[in-house]
Each structure stands twice: as C-alpha cells, then as structure tokens.
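I am writing down what I looked up in this structure, one topic per entry. The sequence and coordinates come first.

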Amino acid sequence: MNIWQPEPGETLLGRAPMTFATGAATQVKGMRWFRDTERNDIQAELPGWPEGPVFTPRSTGETAARKTVKGAAMVLGVAVMAVLSSAGGNVSGSSGPDSGKDTPDDLENEVEDFPVMWAAPGTLARTLPWQLDPARSDEKRYRTHAIVTDRRLVVVGLLYHKKDSTIIEDEVLWETPRSNISEVEHRDFKDGNDVKIVFSDGSWCRLSSFRRQKVTGYLIHPFDVVPLDSLTPAQRGAIDNFVATAHARDLGTPVVTRRPSGHYRVEVPVPSELSSFFGSGSRSLVMDTDGVEVPHKDIRPEDL
C-alpha cells in the first residue's frame, strides 16, 4: 500500500474520485473539449497527452431527433409508472442536495459547447494530467482522485481493483498550492456532480465527482483549521462524545474547521473506509460555539 500522506504540519481535509466532466445536454452529450481562449481545440498541444477522440457537436436536426425519441420514452415511462402506482407498487424516489437541475447556468459552455479546460498558452490548467480524461484512461482499471489539504490541491492516480477497492497505490500526477486557486463553483446542470475551478492566471477546468462535496466543501468557502487544544472544554467534550458514539471500526484524529457562519465542522477520518472507488471515509459533526450539535435545518451551505 502506498497511500498519499500530507507533510508534517499539513492537514488532510478530503479526498474523492475526480475526472474531467462530460457533457449532458443533447447537443454535447458524452463529449468534452479542451480549449484555448479563442475556443480552439488544444488537445494536440498538451505536452505528454496521448491521442484522444475528436468530438463534433450534434447538429440541430440530430438534437431534435434525439429529443423526439427521448420524449416518446418519457411518455412510455410515465404510463408504466402510472400502472405500477395503481397496482400499489413503490415508485417514489429521492434526491439529495447535489441532485442537479435542468436549467443550465452557462448556455455557451454547457449546451452549445462543453469545454473542460479553458487555457491560454503557458497557463496552469494546461498542466493538468491526461489521466483525468475518461476518454483516455480506462476507469475499469484506473482511477484518479483529488485530495485537498490546507495547503494544496493534489491529483493522484491509482490502479482500480474491482474485487478489492481497498488496495491503494497512489501516484502523484499533479498538484498546486491553494494560492493558485482563485474561485471554485459548483456546476449543477443535469446530474449535479460538476465543479469549475478557476486558477489565478485566469485558466479554468471543469471536473466531476459523485462525491464532490468531500473536496469542494474545503475549497468554496473560507475556513480556519482549529487546533484541538485551542477548543473549549465543552467543545472538546462534544467531540469526544461524538467519537465515542460513531459507528466505525477505526477513527483518526478529528479535524476541526471554523466556518464563516461561526459554526465548527468536525470531520473524523475513518482510515479503513478509504477506497479506490469512493475515496476517503469520515464521520462529521457541525457544532456551535458552545459545543452543541447544530440542527440540520440550521446548517448553512458554508458549513458543509
């Protein structure tokens, strides 16, 4: 096992599977592009990148035809659901906070085109590793994870063993100090898994993870890492009680961050749950300044 570890004095905050995103709108579904600021394709200019597929957006006619087929399928689906419902079947569903939405935030870059890299020559986004591209790296055998600490963002690659996802052999593919990241935004169009990372030189990338909050929660909102010995007795007691009642085989050292809301987020790593499929495992608690757990209804986006 060769599991990536932070340097002494550096705090590991989160780890999750991460790849370049994939278009979801009909015109660009299943596609992605790597662009310069003139919207030219720059795949062939990226150093060390193997050859990949060349995509072409679907025409208006193709898009209309696909929508017609999709519409017919939806009508059929509604009819089937109605029959199941009338027969007493359980046809209810649920959606989480990252369940996505049908309205694009950026028509030009989510419907008409779908760049996952936007980078002028010499900019940071061009240094991202090709292994992040699902079209160039076989996810049946290989995975890429994003790791965030209080100092940097790291991308590691690792072989994927479907029969035993606890086998971890990390290879560092890329990293950058947090000071090189100027903005991080959730992109919720369709599946709600994407994130746009803008670097300080103006270049950006669009990545995707079904567990994006494990990383973005420590990138989007400002926070302070709080040493355990600086907490009040009430706060320490709350954490000790949380750890004692957490359902996990093993627990690491709690990481406490103070959020803009004034609340404290406590993340307790579970080393045995680290996997090549899911990334890191943890148990979390949000408490107030008195060490009292914050009710779910009072938890704010910046607390997550």
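**Entry 1: Ile197 and the cores.** I started with the contacts of Ile197. Leaving aside neighbours within four places in sequence, Ile197 is in contact with Leu153, Ile181, Glu183, Val184, Ser203, Trp204, Cys205 and Leu207. I note that this is a predicted model. I then asked which members of the largest nonpolar core touch the most other members. They are Phe20, Met117, Leu153 and Ile197, in a core of 42 residues. Apart from that core lies another, with eleven residues, including Val226, Ala238, Leu285 and Met287.

**Entry 2: the chain overall.** I took down the totals next. The protein chain has four helices and 14 strands. Of its 304 residues, 44% are buried. I also looked up contacts between residues at least 6 apart in sequence, and 63% of these join residues at least 24 apart.

**Entry 3: strand E9.** I went to strand E9, which covers residues 194–199. How many of its six residues are buried? Six of the six are, so E9 is largely enclosed by the rest of the structure. In a regular strand, side chains alternate between the two faces of the sheet.

**Entry 4: the partners of E9.** Strand E8 (residues 181–187) pairs with E9 in the antiparallel sense over six bridges. The bridge partner of Ile181 in E9 is Phe199. The hairpin of E8 and E9 has six residues between the strands, and Lys190 there takes a positive phi near 75°. Strand E10 (residues 204–208) runs antiparallel to E9 and is joined to E9 by five bridges. Ile197 stands opposite Cys205 in E10, and Cys205 is also listed among the contacts of Ile197. The E9 and E10 hairpin has four residues between its strands. In that turn Gly202 has a positive phi of about 95°.

**Entry 5: Arg143.** I looked for a partner for this charged side chain. Arg143 lies in strand E5 (residues 142–149). Arg143 is buried yet has no salt bridge. Which side chain of opposite charge is nearest? That is Glu139, 4.7 Å away, whereas a salt bridge needs the nitrogen and oxygen within 4 Å. The backbone of Glu139 does come into it: its oxygen lies 2.7 Å from a polar atom of the Arg143 side chain.

**Entry 6: salt bridges.** Side chains of opposite charge can pair when their charged atoms come close. I searched the whole structure and got 22 salt bridges. I wrote out some of them.

- Arg136 forms a salt bridge with Asp133, with the closest N and O atoms 2.5 Å apart, and both residues are buried.
- Asp138 and Arg141 meet through their side chains at 2.4 Å, N to O. Asp138 is partly exposed, with a relative accessible area of 34%, and Arg141 is exposed, at 57%.
- Arg265 forms a salt bridge with Glu267, with the closest N and O atoms 3.0 Å apart. Arg265 is buried, with a relative accessible area of 12%, and Glu267 is buried, at 8%.
- Salt bridges that share partners join Glu7, Glu10, Arg151, Arg152 and Glu175 into one network.

**Entry 7: two loop residues.** I looked at Pro134, found in the loop between strand E4 (115–118) and E5. Pro134 is partly exposed, with a relative accessible area of 36%. Which residues does Pro134 touch, not counting those up to four places away in sequence? They are Thr19, Phe20 and Arg32. Pro134 and Phe20 are 114 residues apart along the chain, and their C-alpha atoms are separated by 7.0 Å. Phe20 was already noted in the largest nonpolar core.

I also looked at Ser230, in the loop between strand E11 (224–226) and helix H4 (233–245). Ser230 is partly exposed, with a relative accessible area of 48%. A polar atom of the Ser230 side chain lies 2.8 Å from the backbone oxygen of Pro227.

Key. Residues are numbered from 1 along each chain as its sequence is written. This is a predicted model: local features need pLDDT of at least 70, side-chain atom pairs count only at pLDDT 80 or more; totals for chains, interfaces and linings use all residues. Side-chain values use heavy atoms; hydrogens and water are left out. A nonpolar core is a set of buried Ala, Val, Leu, Ile, Met, Phe, Trp, Tyr and Cys residues joined through side-chain atoms within 4.5 Å. Buried means under 20% relative accessible area, exposed over 50%, partly exposed in between (1.4 Å probe, protein chains only). Contact means heavy atoms within 4.5 Å. Lys and Arg count as positive and Asp and Glu as negative; His and the chain ends are not counted. A polar contact is a pair of N or O atoms within 3.5 Å; within protein, one must be able to donate a hydrogen and the other to accept it, and residues adjacent in sequence count only if both atoms are side-chain atoms. Two strands pair if DSSP finds at least two bridges between them.
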